[in-house]
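Thank you all for coming; I would like to walk you through one structure this morning. Please have a look at it first, and then we will go through its parts together.

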Amino acid sequence: MTTPIHEFLIAMFLSLAVRRCLTILRETKTFLSTVTGQEELAKRGLPHKWPVAGVKHVVLVASGKGGVGKSTTAVNLALGMSVVQRGLSVGLLDADVYGPSLPKLMNLSGRPELSPQDRMIPLVNYGIKCMSMGFLVEESAPIVWRGLMVMSAIQKLLRQVDWGELDILVIDMPPGTGDTQLTITQQIPISGVVIVTTPQDLALDDATRGAEMFRRVNVPVLGVVENMSGYICPKCGHLSNVFGMGGAKKIAQQINVEILGEVPLDLNICKTSDKGQPIVVSRPSSPQATVYKDIATRVLELLPSYQDPFPQRQ
Ligand code: ADP
């Protein structure tokens, strides 16, 4: 027999679930209609995609929702690439203008200087060139930004940075599938996207939706990184699957992409990230760093070979 409190809770749960479904439907409809519109424009010769000046490959790191460890993955992936293939020049662009986290994760601060051509010169740490809105505005400013301001900020980050010559530019995308994703996927050629998810159902649904949308705009989905995939007890080494098991494998099969790696939920990853000393550089021989380096190796293998010279500067 149900009590009034049960009925109230059930009603509340159902209303939340319906509201969430409606939001998802609305977002998907807006995104797809814009994409379809863009496909039409593309057929008529517009819009043009221009490479980011000096950059051979752009790799996006995306997630359906926030807090799944996307930025941590982007940073360790970029560092991993530069480590597993010595001599590779790698850059990191933080496209999350609402909540830039690159300055903290890469332990960088200060304003970029301008080149003689009035382009911003990236800040560098651990051998990686970095650019983030966090270098350009006060910490609290981006939260109040809306539509056009965000688009113009993204334009600036895509076109007004002097990367020199980069083999790979890793772009840490904001979570979800909004205006920033559309702008970036429409304006520059992208070699592929890495989707980061946690093993929970909600995160997995969001990841599936994200992957489908990138496919719609012809961005190859390189694979899925399952983050916080099990917790290894630092004392006894026991593995607990805090967030469930096998979820990412299931979606990888459903949408036909591979699992690039499973990163454990680990105190050292969290501590080193939050101190601005990513685990790939601060504990390079640790098993956690090895997981990121293996992911980096696989991502490099999946990139289409690129024999052409660096794209011309515009
Ligand atoms: P997102 O970019 O998806 O919002 P972040 O990369 O900023 O997520 O990570 C959110 C928090 O989770 C940070 O405090 C980060 O240190 C922590 N974190 C990320 N991945 C792991 C992990 N594998 N183990 C432990 N903590 C993690």
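This is a predicted model: local features need pLDDT of at least 70, side-chain atom pairs count only at pLDDT 80 or more; totals for chains, interfaces and linings use all residues.

Let me begin with a question: which element gives the most to the shell around the ligand? Residues are numbered from 1 along each chain as its sequence is written.

The answer is H8, which contributes four residues; helices, here and throughout, are DSSP runs of H or I with at least four residues, and strands are runs of E with at least two, both numbered from the N terminus. There are 18 residues around the ligand, and those that come nearest are Gly69, Lys70, Ser71, Thr72 and Cys270, where a residue counts as near if its C-beta atom, placed from the backbone, lies within 6 Å of the molecule. The elements giving two or more residues to this shell are H2, strand S7 (221-232), strand S9 (259-265) and helix H8 (267-274). Sorted by class, the shell has six nonpolar, nine polar and three charged residues; here Ala, Val, Leu, Ile, Met, Phe, Trp, Tyr, Cys and Pro count as nonpolar, Asp, Glu, Lys and Arg as charged, and the others, Gly among them, as polar.

Staying with H8, its buried residues are Ile269, Thr272 and Ser273, buried meaning that 20 or more other C-beta atoms lie within 10 Å of a residue's own, exposed that 12 or fewer do, and partly exposed anything in between, with C-beta atoms placed from the backbone. Seen down the axis of H8, these buried residues fall within an arc of 100°, so they line one face of the helix; the arc is that of the directions from the helix axis to the C-beta atoms. The face turned away from that buried side carries the exposed residues Leu267, Lys271 and Asp274. Just after H8, Gly276 takes a positive phi of about 75°.

Leaving aside residues up to four places away in sequence, Leu77 touches Val61, Val170, Val194, Tyr292, Ile295, Ala296 and Val299, a contact being two C-beta atoms, placed from the backbone, that lie within 7 Å.

Another helix, H4 (residues 147-159), has Val150, Ala153, Ile154, Leu157 and Leu158 as its buried residues. Viewed down the axis of H4, they fall within an arc of 135°, so they line one face of the helix. What covers them includes strand S2 (90-94), strand S4 (128-132) and helix H5 (179-187), while the face of H4 turned away from its buried side carries the exposed residues Leu148, Met149 and Gln155.

Finally, for the whole protein chain, there are ten helices and nine strands, and buried residues make up 40% of its 314 residues.
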